[in-house]
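Please examine the following protein chain together with its structure. The questions and answers after it work through selected features in turn.

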Amino acid sequence: MKHKFNILLRVTAVLVLIGIAAGCRSVPSAGITVESYPKNSISVNSKIMGGLFNVTEVVAAKENDLLNAQVTVQNITRRDCQAEYRFEWMDKNGLSITTPMTVWIPVNASAMEKVRMHGVAPNKAAEDFSLIVRFRRASTRWTLRR
C-alpha cells in the first residue's frame with residue numbers, strides 16, 4: 001500500500017512539475033521543491049535527491065500577520081546526508097518578495113532521521129512560499145588566508 005502511495009506521489013509531482021513549467025513560474029534546479037500554491041505540492045527534480053529524502057509533513061500558518069512554514073523531511077537512507085535549504089516568499093499575485101535574508105541554511109540528517117525546515121516570511125505581504133532543497137555546497141563567499 002505504501003509503495004502505491006509513493007508511486008502516486010511521484011506521478012503527482014511530475015504532473016505538477018509539467019504544470020508549473022507551462023505556467024509563469026520557473027522551477028529551480030534544486031533537488032526537491034515544495035510549493036504551497038495552489039495547494040501543497042512536492043516536486044522531485046533530481047533522482048538522487050528524491051532517493052534520499054521523503055517529505056512527511058508540510059505546515060503553514062500566519063502568526064502575527066507573518067507566514068510561517070515548516071516542512072519535515074525524512075532521510076530514507078542508511079547513511080548521513082548533508083543538504084541545505086531556503087524559502088522563497090511570494091505575494092498574493094505570485095511575485096517574488098526580494099529580501100537579503102534569503103540564504104541557504106545547512107541541515108544534517110542522520111540515517112532515517114526526520115528534520116524540520118522552518119522559515120518565517122520577511123513581511124506581511126507574503127501569502128505563498130516555495131521551499132528548495134539541494135545538496136550542501138562549500139561556501140566560496142568567505143575564505144581564510146594564512
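Q: In which strand is Ala109 found, and is Ala109 buried or exposed?
A: In this predicted model, the relative accessible area of Ala109 is 3%. Burial requires a value under 20%, so Ala109 counts as buried. The residue is found in strand β6.

Q: Which residues does Ala109 touch, leaving aside those up to four places away in sequence, and how far in space is Ala109 from Gln82, C-alpha to C-alpha?
A: Ala109 touches Phe53, Asn75, Arg79, Asp80, Cys81 and Val115 when residues up to four places away in sequence are not counted. Ala109 and Gln82 are 27 residues apart in sequence. In space, their C-alpha atoms are separated by 6.4 Å.

Q: Which element gives the largest share of the largest nonpolar core?
A: The largest nonpolar core has 23 residues, and those with the most contacts inside it are Phe53, Val73, Tyr85, Phe87, Trp89, Met117 and Leu131. Two or more residues each come from β3, β4, β5 (81-90), β6 (105-109), β7 and β8 (128-135). The largest share, five residues, is given by β5.

Q: Which residues does Val73 touch, not counting those up to four places away in sequence?
A: Val73 is among the residues with the most contacts inside the largest nonpolar core. With residues up to four places away in sequence not counted, Val73 touches Phe53, Asn54, Val55, Thr56, Glu113, Lys114, Val115 and Met117.

Q: In what order do the three strands of the open sheet stand, and why is one side of β3 and of β7 left without a neighbour in the sheet?
A: The pairing in this open sheet is antiparallel, and the order of its three strands is β3-β4-β7. Strands β3 (53-63) and β7 (114-120) stand at the edges with a single partner strand each, so one side of each has no neighbour in the sheet. Direction ignored, neighbouring strands are turned against each other by an average of 15 degrees.

Q: Which residues make up the covered face of β7, and which the uncovered one?
A: The uncovered face of β7 consists of Lys114, Arg116, His118 and Val120. The covered face is formed by Val115, Met117 and Gly119.

Q: What is the phi of Asn64, and what is the phi of Asp65?
A: Most residues other than glycine have a negative phi. Asn64 and Asp65 are both found in the loop between β3 and β4, and the hairpin of these strands has two residues between them. Asn64 is exposed, with a relative accessible area of 69%, whereas Asp65 is partly exposed at 47%. Both take a positive phi, about 55 degrees for Asn64 and about 65 degrees for Asp65.

Q: Where in the protein chain is confidence lowest, and where is it highest?
A: The chain averages a pLDDT of 74, and 62% of the residues score at least 70. Over residues 4-9 the pLDDT is below 50, and this stretch has one contact in the model beyond near neighbours in sequence. Residues 11-29 also stay under 50, with 21 contacts beyond four places in sequence. Confidence is lowest in helix α1 (residues 2-22), at a mean of 43, and highest in β7, at 93.

Q: How many helices and strands does the protein chain have, and what percentage of its residues is buried?
A: The secondary structure comprises two helices and eight strands, which run α-β-β-α-β-β-β-β-β-β from the N terminus on. Among contacts between residues at least 6 apart in sequence, 65% join residues at least 24 apart. Of the 146 residues in the chain, the buried ones make up 34%.

Key:
Residues are numbered from 1 along each chain as its sequence is written. This is a predicted model: local features need pLDDT of at least 70, side-chain atom pairs count only at pLDDT 80 or more; totals for chains, interfaces and linings use all residues. Side-chain values use heavy atoms; hydrogens and water are left out. Two strands pair if DSSP finds at least two bridges between them. Helices (H or I, at least four residues) and strands (E, at least two) are DSSP runs, numbered from the N terminus. Axes are lines fitted to C-alpha atoms, for helices over the stretch in contact, and angles run from 0 to 180 degrees between N-to-C directions. pLDDT is the predictor's confidence in each residue, from 0 to 100. Contact means heavy atoms within 4.5 Å. Buried means under 20% relative accessible area, exposed over 50%, partly exposed in between (1.4 Å probe, protein chains only). A nonpolar core is a set of buried Ala, Val, Leu, Ile, Met, Phe, Trp, Tyr and Cys residues joined through side-chain atoms within 4.5 Å.
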